[in-house]
Amino acid sequence: MANGTTGGTTTGPAGDAGPGTMWAVRVHAFGGPEALIRERVPRPAPGPGEVLVRVHAAGVNPADRYQRQGFTNIPPELRPRPELPLIPGSDISGVVAATGPGSRLQVGERVHGLVNFPGRSAGYAEYAVSPDGDLARLPDALDHLTGAALPMAGLTAHQYLTRHLRPAPGSTAVVIGAAGGVGHLAVQLLKAAGVRVVAVADGRHEAFLRDLGADRFVDYTATPPEEVIRDADLLLDTVGGPHAHRLLPVLRRGGRIAPVFLGDYHPARTAALGLVLDPSMWQVRSSGADLADLDALVVSGTVRVAVSGTFPLAAAADAHRHAERGHLRGKLALRVVD
Ligand SMILES: NC(=O)c1ccc[n+]([C@@H]2O[C@H](COP(=O)([O-])OP(=O)(O)OC[C@H]3O[C@@H](n4cnc5c(N)ncnc54)[C@H](OP(=O)(O)O)[C@@H]3O)[C@@H](O)[C@H]2O)c1
């Protein structure tokens, strides 16, 4: 497990921020991990239907890195244009510190969630404001690191499967990027839905994925999956990219491609092969209710959340460097309260 202790630039001394302020990691100019700067900023206040959460842990997701870079990996016509300075991060786990008018939550309750996504988020901080509806109560059995690691990756896998794809029990799904944040949770949710899973990942993740229930494992670094997999019903592709179309042979005629990230699947060839390609990518959304459903699966042991690395908030830049080296297994999280 990575356990970073060095990190991004800090302005001001370490320790508690003063009253009315908080420590946060902000981006003032889009760029590499060094753009993440820890500094004292005003503490936000909850509005109607919102709460202020004392953040104990924050999840780290690829979207945080895209945000930090100014979404340069997204085509200009689709690219969000966030205002600067921004506090990145949308996955939080913590304790309600104050409630806005009309909030149904109580001060002192343990909560977690994917906050304001898609939209303006601010998770890499000691305090974050969230709409009530984005939060679920964190079950006693779950710690804050798990609570922070689960929301975006778990909601993505859960919403793809329950709202969008609804794969039939007995069907076969190929999961590309199976060891990553979304992938390792999708493998388990597919298995729980009675789907046969072919997990595609680097060979170093084989034991991990078989332990999570994968029926078959393909090491893409040794064998191109398109050469050895045939007749699958569903391709859940968390990697995408310009060469995504190479994977088309894994599907049977009528099989479905579910891109989790942007990829070029050669739509004309896809149609000629009789494959189903969604016209646009499904986008995960904040939902405290969906997260509560997922929590129940984690508490019952049906789904395991793998947290493979934790870093202090002040070392958010190291967490991003670690993620950018690739080969992630499960999730990374920031410790905001040690
Ligand atoms: N549509 C949505 O709403 C939505 C929601 C959440 C995330 N996403 C996107 O989905 C993508 C995945 O997110 P994540 O959180 O799962 O990322 P992640 O934790 O970084 O996982 C990515 C995984 O892909 C593996 N990988 C890289 N190249 C591969 C290849 N050619 N074949 C198989 N595996 C490969 C990586 O491991 P190795 O390097 O060891 O291969 C890693 O385990 C990101 O681009 C993210 O932005 C979209």
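**Ground rules.** I am working with a predicted model, where local features need pLDDT of at least 70, side-chain atom pairs count only at pLDDT 80 or more, and totals for chains, interfaces and linings use all residues. I number residues from 1 along each chain as its sequence is written.

**Overall fold.** I found nine helices and 17 strands, taken as DSSP runs numbered from the N terminus (helices H or I, at least four residues; strands E, at least two). The C-alpha trace spans about 60 × 40 × 35 Å along its principal axes. I then looked up burial: 48% of the 338 residues are buried, meaning 20 or more other C-beta atoms, placed from the backbone, within 10 Å of a residue's own.

**Domains.** The assignment, automatic or from a database, gives domain 1 (2-150 + 305-335) and domain 2 (154-277). Their C-alpha centres lie 29 Å apart. Nine residues from domain 1 and nine residues from domain 2 make the contact, with C-beta atoms, placed from the backbone, within 7 Å.

**Ligand.** Which residues come closest? I noted Gly177, Gly180, Gly181, Val182 and His327, in a shell of 28 residues whose C-beta atoms, placed from the backbone, lie within 6 Å of the ligand. The elements giving two or more residues are α1 (62-68), α3 (151-165), α4 (181-192) and β11 (196-201).

Note on methods: A residue is buried if 20 or more other C-beta atoms lie within 10 Å of its own, exposed if 12 or fewer, and partly exposed in between; C-beta atoms are placed from the backbone. Two residues are in contact if their C-beta atoms, placed from the backbone, lie within 7 Å.
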